Protein chains: 2
Amino acid sequence: MYLERIKSPKDIKGFTVGQLDVLASEIRRGILNRVSNRGGHVGPNLGITEAVVALNYVFNTPEDKFVFDVSHQIYPHKMLTGRAFGYIDDARFDEVSGYSSPLESPEYDCFEIGHTSTSVSLATGLQKARDLRGGNENIVAVIGDGSLSGGEAFEGLDTAAELNTNIIIVVNDNEMSIAENHGGLYGNLRLLRETSGRAELNFFKAMGFEYLYVEEGNDISCLIEAFVAVKDTPRPTVVHIHTEKGHGYSPAVENKEAWHWCVPFDLSTGNPKGEDTGEYMPALLGEWLREEIKRDSKLVCIAAGVPAAVGFGPKEREEAGSQFVDVGIAEEQAVAMASGMAKGGARPVFSTYATFLQRTYDQLAQDLCVNGNPAVINVIGASIFGMNDFTHICFFDIPMLSHIPNLVYLAPTTYEELIAMERWAICQDMYSVAIRVPEWGVRHSDIEYDTDYSHLNTYRMMRKGKDIAIIAAGDFYRKGENVADMLNENGIEATLINPRYLSGIDENMLEDLKATHRLVVTIEDGCLDGGFGERIARFYGPSDMKVLCFGVRKALYDRYDVNVLMEDNHLTDEQIMADIMTVF
Amino acid sequence: MYLERIKSPKDIKGFTVGQLDVLASEIRRGILNRVSNRGGHVGPNLGITEAVVALNYVFNTPEDKFVFDVSHQIYPHKMLTGRAFGYIDDARFDEVSGYSSPLESPEYDCFEIGHTSTSVSLATGLQKARDLRGGNENIVAVIGDGSLSGGEAFEGLDTAAELNTNIIIVVNDNEMSIAENHGGLYGNLRLLRETSGRAELNFFKAMGFEYLYVEEGNDISCLIEAFVAVKDTPRPTVVHIHTEKGHGYSPAVENKEAWHWCVPFDLSTGNPKGEDTGEYMPALLGEWLREEIKRDSKLVCIAAGVPAAVGFGPKEREEAGSQFVDVGIAEEQAVAMASGMAKGGARPVFSTYATFLQRTYDQLAQDLCVNGNPAVINVIGASIFGMNDFTHICFFDIPMLSHIPNLVYLAPTTYEELIAMERWAICQDMYSVAIRVPEWGVRHSDIEYDTDYSHLNTYRMMRKGKDIAIIAAGDFYRKGENVADMLNENGIEATLINPRYLSGIDENMLEDLKATHRLVVTIEDGCLDGGFGERIARFYGPSDMKVLCFGVRKALYDRYDVNVLMEDNHLTDEQIMADIMTVF
């Protein structure tokens, strides 16, 4: 096996194309070995294997620089840069992350990258720094066709072209985003593919780039020829390569969307290995939304490249018809369009992961909330139980969203409360509403929930006690219940409150607590800094009430174990109980 | 005068082109009357006057919908939709804002708009809602060439084309952004102008649009002809009109950048009416940066369409040469590129207004801070003394920035401290640093400031007292001084602290205060919710220390009087003093 002996790309410089082909097969086996055992990005990595081999053969890293967009296609690069063990040695999977990471390889990975459409922009910085320094290394940004829909990619292309010096942008066109592509741009990519890049009408040329097309994007010799041709070019250049997503593994080729990313699976059948983990709240929400679409012709569900976030697979999208819109990986567009739809009398619901909502902060604040248009934003995965990669942490949403003026941010505690809030949010026409979809399992309840949430910032008292009041938000409400039970066992009849609103406080209820309570405890499934609890601490600051806030310390976390994270942050029920007793 | 009699666009439907020309002249006089007396956007409005007259003549608002990007070109539209008094009647300027506003005209203004590159995205929402409803009104988005550099505009174009139904995008190409345009795209706009729109290489066609070019964008009959041709089109269509920024007022034509926006001026000479208001902190910072550029060949100043934010006018930009980069109105690119530059060994400094930094939240969090690259972000105008329009409020920056993991957010109190922090931030290589440039006048000090801020979150005690400690941040530090003086007069020797860091707390110092103090007062020039003070309130929550936070309540504010705002929020020195005495 070549792969075991390759410590750096220098080791493949003398390879023949035949040897490189064998190497590509080994890499592909490495990818499949890892993803079938650990899960991960399948299709993008399989599709770009030959291109990454050719890039590492032609260019001279670490002098030349590669920047891989989203890092969904970085596995082959990792295998060629001293990290093959993370793919071929089952005992060492943990040593390699799923993303580009200079912490892992300062020499060969330029940036920590997990969000989309960033590679060109980041690369222009390397380009500019090189030009200032008078260097002559090649700057190579790799970007998928799907990632081109993000505004940041466009901004990056715009600058790259204007700098008018060496930068090589490899557009990896596998005719797919995570799902299918969306946007007018993709008509041009199709035209370019159909004309082998010869069409006069060329988006990249219009942006000011030199342009080269490679039809056989999974053929190493064709790729080498193209990369040799553009190496050391003095001009901004796009190399548009046509690849096959999932290349070399037929299940992934046949169902490209399902195999973009996967859980561990049986390599021979393609079937998932794990057991069905039961109900999943975003999926239940998606089911409800799809039923609601049938009842309400004004309802439109919007996705930004991740339609599966609330369960819109190919079949569900087809059924929803014109009441489903995927704008591509373009969160800014999703939010602004939602605002426009609401203004136009439709009932838009945009659902995406908390970490990607970060990409549209200004559109939330300006296009949506300054206008007060009644669109609904479902915030998915916003929890310590959400994604746990460095670049995908989802529990900074409360600091981000809850302070935006005019945004109502709701935190349901159960499925039934989620649906009650969702229904109200969709049907009302006064407020821009975000809803934090619970991520920590699925709880049900037969409590009667309010149907009207327009009287903002009214908390709900679930148990009336004295001395200690626990305000526990969203899916950590159950922690509040547990702690209240424990206090009860210790003879303390605590008050328990479901705050429901993350974007404001119930001043009346908080004021009333002063008479009979001396400690208020806040519990939230998110970052303490800028979180829900701090606002309550401020409210009580001038009073004698003591306040104890539980949540996660502000920091960067990478591939954490959620139980360890909880313990480190004093978030187990027992720790909360103990801390309360220390103060009380 | 026609203008006085026009209550709605219906009143001009029977006009001849000759009458419309006269009307355009009246509108132009109205614009100049308002801006010469009140200040405002000059060049964009003068340049688009004929186009707006033609749009209102051809299309039937309010059934048809217009969405004006940034609203820099909306004055003529306001004059034709019942708000001419705000331009021709000097007593009624206050009744009309400078921006598109449904609060002002629910019929004729679709959205509150003040940020750039949003019109197409917002319009796609109206487009989709119309299609769902089966309506047939025209959706018209107006966007300037400068605004096309923003990623949101690209995302909007991408979706608009894919929807493949009626939407008309008027690209108002005056060959200028606020300053000159930047980006590869502008080469294509030039080519299209030079070929009267006939070049095969066409960005808009590549995106999937029908395309029409109008060379004489200040000629009403040419514009009418074009708009009539595209009215009721079933296809996404771009009408590219070539206009002259500042048309009809020679000073504005001759110096387009200076006349994009202006303070009140003498109409005959073009000279500003007001007195020189003396030193301005961002300008002083710009001077320092320009000197530093000469000393440090690695330093690069970055602007995103507003180079004047720290005083980079045409001359200064030329002097800075390759050490200055304007990426166009593309904040995402500015931040990601800065991260890349820092990685590449340059020393990037990106300066922009707080309200526009919102447009790049994810790039700050991901492209920059997850990587920890040592770029510097100067946050301009972040203060209640900054811009006061609805869409431009600048005092939500602390909730936005201070909770982003790995971002060091500094708040200097004087010019000398600003420069000390700036110098450190530029030269160090450990942290991503944002600096809140003081906006409330310019204070100087001969205090010796630290030169090293790498020991994060160390507050500086300026006066050691007891009982009450005042922690006053940034340009509100002076309020802390004033209140400490007042307390002193009342026999209370208060402690006074300059926190310097907005992104974390000095736990040691705060802990020490417990022994000899019983009240901590925080004062910040910004929003209370998610602000600096709340973190301190949380720290002291479980203790006996009382905390009183001063700042601005979370809300939307529009054209506020800063003194009224201060009083409403108990921010005068006297009010702060009185509130302290109530609690103490």
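This is a predicted model: local features need pLDDT of at least 70, side-chain atom pairs count only at pLDDT 80 or more; totals for chains, interfaces and linings use all residues.
**Entry 1**

The salt-bridge partner here is A:Arg559, with the closest N and O atoms 3.2 Å apart. I checked A:Arg559 as well: at 36% relative accessibility, this residue is also partly exposed.

**Entry 1: a pair in one helix**

Next I turned to chain B, where B:Glu292 and B:Arg295 form a salt bridge. Their closest N and O atoms are 2.5 Å apart. Both belong to helix H11 (residues 281-295) of chain B, and being 3 residues apart there, they are separated by about one helical turn.

Are B:Glu292 and B:Arg295 buried or exposed? I found B:Glu292 buried, with a relative accessible area of 9%. B:Arg295, in contrast, is exposed at 54%.

I also noted a network in chain A: salt bridges that share partners join A:Lys78, A:Arg83, A:Glu104 and A:Asp109.

How many salt bridges does a search of the whole structure find over all chains? My note says 62. One I looked up is between the side chains of A:Arg443 and A:Glu481, at 2.9 Å from N to O. A:Arg443 sits in the loop between strand S13 (432-436) and strand S14 (460-463) of chain A, while A:Glu481 is in helix H18 (residues 477-489), so the pair ties together parts that are 38 residues apart in sequence. I wrote down that A:Arg443 is partly exposed, with 26% relative accessibility.

**Entry 2: where the two chains meet**

Then I looked at the interface. I found 109 residues of chain A in contact with 109 residues of chain B. The area buried between the two chains is about 8400 Å², and carbon and sulfur atoms give 57% of it.

What holds charges together across this boundary? The count between chain A and chain B is 10 salt bridges. One example I looked up joins A:Asp529 to B:Arg538, with the closest N and O atoms 3.2 Å apart. For polar contacts, I noted 58 residue pairs across the interface.

Which helix gives the largest share of the side of chain A that touches chain B? I found that helix H6 (residues 151-163) of chain A does, with 10 residues. Sorted by class, this side of chain A has 46 nonpolar, 39 polar and 24 charged residues.

Methods: Residues are numbered from 1 along each chain as its sequence is written. Chains are lettered from A and ligands numbered from 1 in the order in which they are written. Side-chain values use heavy atoms; hydrogens and water are left out. A salt bridge is a side-chain nitrogen of Lys or Arg within 4 Å of a carboxyl oxygen of Asp or Glu. Helices (H or I, at least four residues) and strands (E, at least two) are DSSP runs, numbered from the N terminus. Buried means under 20% relative accessible area, exposed over 50%, partly exposed in between (1.4 Å probe, protein chains only). Contact means heavy atoms within 4.5 Å. Buried area is the accessible area (1.4 Å probe) that two parts lose on being put together, summed over both. A polar contact is a pair of N or O atoms within 3.5 Å; within protein, one must be able to donate a hydrogen and the other to accept it, and residues adjacent in sequence count only if both atoms are side-chain atoms. Ala, Val, Leu, Ile, Met, Phe, Trp, Tyr, Cys and Pro count as nonpolar, Asp, Glu, Lys and Arg as charged, and the others, Gly among them, as polar.
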